[in-house]
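Hi there,

Here is the structure I promised to pass on. Have a look first, and my notes follow below.

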Amino acid sequence: MAKSALLKSSLAKKYWMALTGLFLCLFLAGHLAGNLQLIFSDALHFNQYALFMTTNPAVKLLSYLTYISILFHAIDGIMLTVQNRAARPIGYAKNNAAANSAWASRNMAVLGTLILVFIVTHMVNFWAVMHFDEKMPLQTISIDMQGQKQDFYLTTDGGYIPVGQVNDNGLVIKNRTEFFDGMANIKVKEGYKDLHKITVAFFQDPQTGLIATILYVLAMAVLSFHLLHGFASAFQTMGVNNPTYSPIIKGFGKGFAIIVPLLFAIIPIYIHFFLKA
Amino acid sequence: MKLTLKIWRQKNAQDKGAIVDYPIDGIEPDMSFLEMLDVLNEQLINKGEEPVAFDHDCREGICGMCSLYINGEAHGPDRGVTTCQLHMRMFKDGDTIFIEPFRAKAFPVIKDLVVDRSSFDRIQHAGGFISVNTSGNTIDANTIPVNKADADKSFDAATCIGCGACVATCKNSSAMLFVSAKVSQYALLPQGQVEAADRVMNMVHQMDLEGFGNCTNTGACEIECPKGISLENIARMNREYLSASLKG
Amino acid sequence: MSLDSKIPQGPIADKWTDYKDHINLVNPANKRNLDIIVVGTGLAGGSAAATLAELGYNVKAFCFQDSPRRAHSIAAQGGINAAKNYKGDGDSVYRLFYDTVKGGDYRAREANVYRLAEVSANIIDQCVAQGVPLAREYGGLLDNRSFGGTLVSRTFYAQGQTGQQLLLGAYSAMNRQIGRGKIKMYNRHEMLDLVIVNGKARGIIARNLITGEIERHSAHAVVIGSGGYGNVFFLSTNAMGSNATAAWKIHKKGAFFANPCYTQIHPTCIPVSGDHQSKLTLMSESLRNDGRIWVPAKLEDAQAIREGKKKAIDLAEADRDYFLERRYPAFGNLVPRDVASRAAKERCDAGFGVNKTGEAVYLDFAAAIQRYGKEQAHIKGLDENDSALVTKLGTDVVRSKYGNLFQMYYKIVDEDPYTTPMMIYPAVHYTMGGTWVDYNLMTTIPGCFSIGESNFSDHGANRLGASALMQGLADGYFVLPYTIGDYLAPDIKMGPIPTNTPEFDEAENNVRSLIDKFMNNNGNHSVDHFHKKLGKIMWNKVGMARNEKGLTEAMEEIAALREEFYRDVKVPGTDKGFNQELEKAIRVADFLELGELFAKDALHRNESCGGHFREEYQTEEGEALRDDENFAYVAAWEYKGKPSDAVLHKEPLNYENIKLVQRSYK
């Protein structure tokens, strides 16, 4: 029985929930660090970061792990919820659950579903654009040359390619980011996808940007509640509960659950209301 | 005191059941909740109606027989007490009180407020023991010293009365607090080590078979538990199970 | 028929060993051909069922609760005695034996008590091996406390829940055997009759309390471990379901009932608060170590308190009567249970009671709080004259010792016992009497055994604290498993007992007709109505102090009440399903017979001893006056149709190892 136990038993399902959940917390921290460059850094660094995140093999591995974790966390969560519902076929006429438990802890499935919906929209809005959109712009920079403004593509080796050179002068963009010598068909340079521009545009639009900002802030509130219970709960599930460590874990979990979503939420607010176009 | 009772009535396991209203008067604050129900039943019998069936026995909070979900809480609004220790002074004149059976698939209703908790027994049959025969030749009780802190924790876990309030309260009808209390009692004692891995695997297996839900760490069980069994026990069982599973 | 107690010959210290060396054994292969029924799953029944199954017998265990773990042994608080001498304070098997016989006011059977003391040490070993978390010292070894009436520390305990922990130990041993299929467990079943085939107990009739089905169960032997009959008083510290039905049914089938009048009234219970009261709650005897018991010295003060015009704390020291300290200067508040109970009753009867009903005395911790507070202040180098500080420190000490009991009291009475004295009153707690058994624990019906509180046992006329748990487990774990083998040895080739025989037919028909009678009675009053009436008669006339006139009246009143009960009881619902009123009716019917025999036994015993106090037989100071000349015997009653017609058989008690003396606590 021991072999199947790690997959099938109620406790095993919980271990997987806890492990994937904690891993996703790590992911959140990393993601946040990157996003904060939208506020604290310039477009180039942000786009460099985005490039790194989409191409580095180690990061790729981690990202697959993240996708799997999200899927596993969601599917496992659904299975647990279905079982939990089945465990009480007839409910109470009167139930005073608020007397003995926190609201978030009782609504993890709902919160999780909302987060899943958010993740899907979020990925459609940014991740899919970044990965697949043929019209994804490359980062350019305007340089004032003796009173005359000229636009350049920034390239990954730190060089500049005048925008006008492309197509006119035998340079072709292939595979969305690669500059090819049109004649020799040799890749000469590589540009940056301008995720920064996309993001800023997404949130700055006076109408849709406002709605997006509000929805993003709400989604972060949902995430916060999910983490408020989830973080410490994962440790309890993994068997970590003793008078010395538990208060620290609980305190850290609370801080994490409030600060991380808060910082995430500040970014669209900053872009919409404070960032100069 | 004058009260309106909304009580779950169900003739037998097959019957559908429904909440029935019973106005009652002349309740004294010094009565226990079950004595209040005694008064109601006496009135029902005198009127020629069937009294409300409810489980109870010792009426001093130790046998674990009494149950009842009172106004949305297992064993009612007071803390650290069973229903039999709940007193009517916790309520106000004119109150409406919902009285329902403990609800869980693994606790089917037998009649009215009486439920079948034999699933708890079956979990214990699966491993809630130390395999030692009564021979009269066991080693002297003081041969193995036991750290006092461990012995005290083991005792705290062992004070579980098996009433099922944890299951009734848990939004998932999970039996983790109950099972972990028993697992912990033995896991904390040297005598329990020999079979520790098998015990936790077998008891959890049986718990799953009985159709209890999964623990989501809401902590409601610990709060409603009349004996204050700690969530630390659940964490301990999680550890025990993990290490037992990894051993293979 | 003469009673043969089958006590083995030889010196008392060798009897049990010699006995075990010479009994017939059943070999392991044959044990699996033998069935044993065990009724009741408390400490005695549970431990017996587990041990018999371990040995290889097929056990069928029955309990009326929804799980064997709920038997009322679970409520025992204080502890369990064992002659381990871990403290090196001179304890020994002999001392435990001696204390138990003396505590029982010299009305117990010497050989049984000695055996009990002998196996007591094994119980602790067994329980620890089973994982029972008994209290320990910082060094990791088992802790002991001392209990009333002894000079040594021999009581093992698990906070205030010793009974619970020991029962859960026995229950875990049962679980192991249920899991192996060696015990077949019948929860929510009630035994309603014994089946005798060719003069031997061969089965029972039981009712499935969920479906209402009447079932036949056969076995080669039947063991009754169904506890005591304290609920004959309606109000007692027993559980609501505790009943005498199994014990009484075997009595009606030929098992003699011994010493029914020996009842223990425990002094420290929470008083009755009104007519609605359904049960009484015990507060551990350990409270008397620190609490001082008193009533107002003046009648007008007592009256003012009853009317709510005065409070206990309003009374000056001089206006208080610490009656136990006054009457028994040597033992003070620590006199044995029977003595303390009677003294409280005497004061209340004289009009000094302190609650609404006039039936309560104070148990005051103020002095202890001050004493401990001063001690703590001294240890910590604080001001011993700062009364607020001293009270706080003292309260902390008292809380650490009795916190859970004070909390329990507060929940029930809604008064803070740290600032106001507790109110207590005696309540029925334990019955020393029960089915008569010989040294083998067999009743006068061959093949029908009785263990634990349900037999007349080892406690004589009064039980010492922490010895009930000891007896239950001794019988179940260590005595019955030997003696029953000796009885069963000739039956190994019998094969299963058929249940389709005329004997089973007859027993089942009797049960069915009784149930039909109740279901079709169409009376006017609930079962509780009659049970409460019976309780009042018992408490007022067969309670703590008895006299010839009251007992005679009680017998007549109970007989009349019994007739009224059968004529006028109303049992609603159906017998074809779960019906708690029907369950109660069957139990109360038996109490209504037992109560009368109880009074008859009390009436015939023209002496006072232990829990049996006859007002006519007391010393000049109002103490119990034993009559060893005429009453040093076990009164075993044979059923003859009506309780009043029961025939007395005497088993003389021969004291060869202990000299009979007057108990004195002055």
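How many residues does the contact take from chain B and from chain A? In this predicted model, chain B gives 42 residues and chain A gives 40 residues. On the side of chain B that touches chain A, the elements with two or more residues are strand S5 (96–100), helix H6 (196–209), helix H7 (220–224) and helix H8 (232–247) of chain B. H8(B) gives the most to that side, with 10 residues. By class, the side of chain B that touches chain A has 15 nonpolar, 16 polar and 11 charged residues.

Next, the cores. The largest nonpolar core holds 331 residues, and Ile36(C), Val223(C) and Val361(C) touch the most other members. Helix H17 (residues 580–604) of chain C supplies the largest share of this core, 13 residues. Leaving aside residues up to four places away in sequence, Val223(C) touches Ile36(C), Ile37(C), Val38(C), Val39(C), Ala48(C), Phe449(C), Ile451(C) and Leu480(C). There is also a second, separate core of 6 residues, which includes Leu138(A), Leu154(A), Phe179(A) and Tyr192(A).

Last, the domains of chain C. Domain 1 covers 267–428 and domain 2 covers 501–652, and their C-alpha centres lie 34 Å apart. Their contact takes 5 residues from domain 1 of chain C and 5 residues from domain 2 of chain C. On the domain 1 side, helix H10 (residues 337–352) of chain C gives the largest share, 4 residues. That side of domain 1 divides into 1 nonpolar, 1 polar and 3 charged residues.

Best wishes

How values were computed:
Residues numbered from 1 in each chain as written. Chains lettered and ligands numbered in written order. Predicted model: local features only at pLDDT ≥ 70, side-chain atom pairs only at ≥ 80, totals over all residues. Core = buried A, V, L, I, M, F, W, Y, C linked by C-beta atoms within 7 Å. Buried ≥ 20, exposed ≤ 12 C-beta atoms within 10 Å, placed from the backbone. Contact = placed C-beta atoms within 7 Å. Nonpolar A, V, L, I, M, F, W, Y, C, P; charged D, E, K, R; others polar. Domains from an automatic or database assignment.
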